[in-house]
Amino acid sequence: MANLTFSLCSLGFFFCFIMCSSYVHGKTWCVAQTQAPEPKLQEVLDYLCGRINCGDIQPGGSCFDPDTVRNHASYAIDMNFRTNGECDGSYAVIAVTDPSYGACGYP
């Protein structure tokens, strides 16, 4: 029983270490929640693109395709997170996997 308890504690510590290491090294992104309604994401996208450079999600930009509100909002939300440190939990979520795709590289 003692070995099992020690093993579970070790596993828990290891998991925590991996997750914390990922956060400490800046390996997190802030992206649109999958359940966030598109009208809200469009509102957020319009607001953020008035504050930050959204050139990469404009026609011809490296992150324009796929041309969806959710993808464009995720990119703008993450750029705002990088610039201002804001990740609003009402429409966004912290991701620990890189959301980059194709020619679109998130910072």
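Student: At roughly what angle do the axes of helix 2 and helix 3 cross?
Tutor: This is a predicted model, where local features need pLDDT of at least 70, side-chain atom pairs count only at pLDDT 80 or more, and totals for chains, interfaces and linings use all residues. Residues are numbered from 1 along each chain as its sequence is written, and side-chain values use heavy atoms, leaving out hydrogens and water. Helices here are DSSP runs of H or I with at least four residues, strands are E runs of at least two, and both are numbered from the N terminus. Taking axes as lines fitted to C-alpha atoms, for helices over the stretch in contact, with angles from 0 to 180 degrees between N-to-C directions, those of helix 2 (residues 38-49) and helix 3 come within 9 Å and cross at roughly 45 degrees.

Student: So what do we call helix 2 relative to helix 3?
Tutor: Under 35 degrees would be roughly parallel, over 145 roughly antiparallel, 65 to 115 roughly perpendicular, and the rest is oblique. With the axes crossing at roughly 45 degrees, helix 2 is therefore, relative to helix 3, oblique.

Student: How are the rings of Tyr-75 and Tyr-106 arranged?
Tutor: A search of the whole structure finds one aromatic pair. Rings of Phe, Tyr and Trp (its six-membered ring) pair with centres within 6.5 Å; planes under 30 degrees apart are stacked, over 60 edge-to-face, the rest tilted. Here the centres sit 5.3 Å apart and the planes are at 80 degrees, so Tyr-75 and Tyr-106 are edge-to-face.

Student: How far apart in sequence are the parts this pair ties together?
Tutor: Tyr-75 belongs to helix 3 (residues 69-84), and Tyr-106 to the segment after strand 2 (92-95). The pair therefore links parts whose separation in sequence is 31 residues.

Student: Is Ser-74 buried or exposed?
Tutor: Ser-74 is in helix 3, and beyond neighbours within four places in sequence it contacts Cys-30, Val-31, Ala-32 and Tyr-106. Buried means under 20% relative accessible area, exposed over 50%, partly exposed in between (1.4 Å probe, protein chains only). At 8% relative accessibility, Ser-74 is buried.

Methods: Contact means heavy atoms within 4.5 Å.
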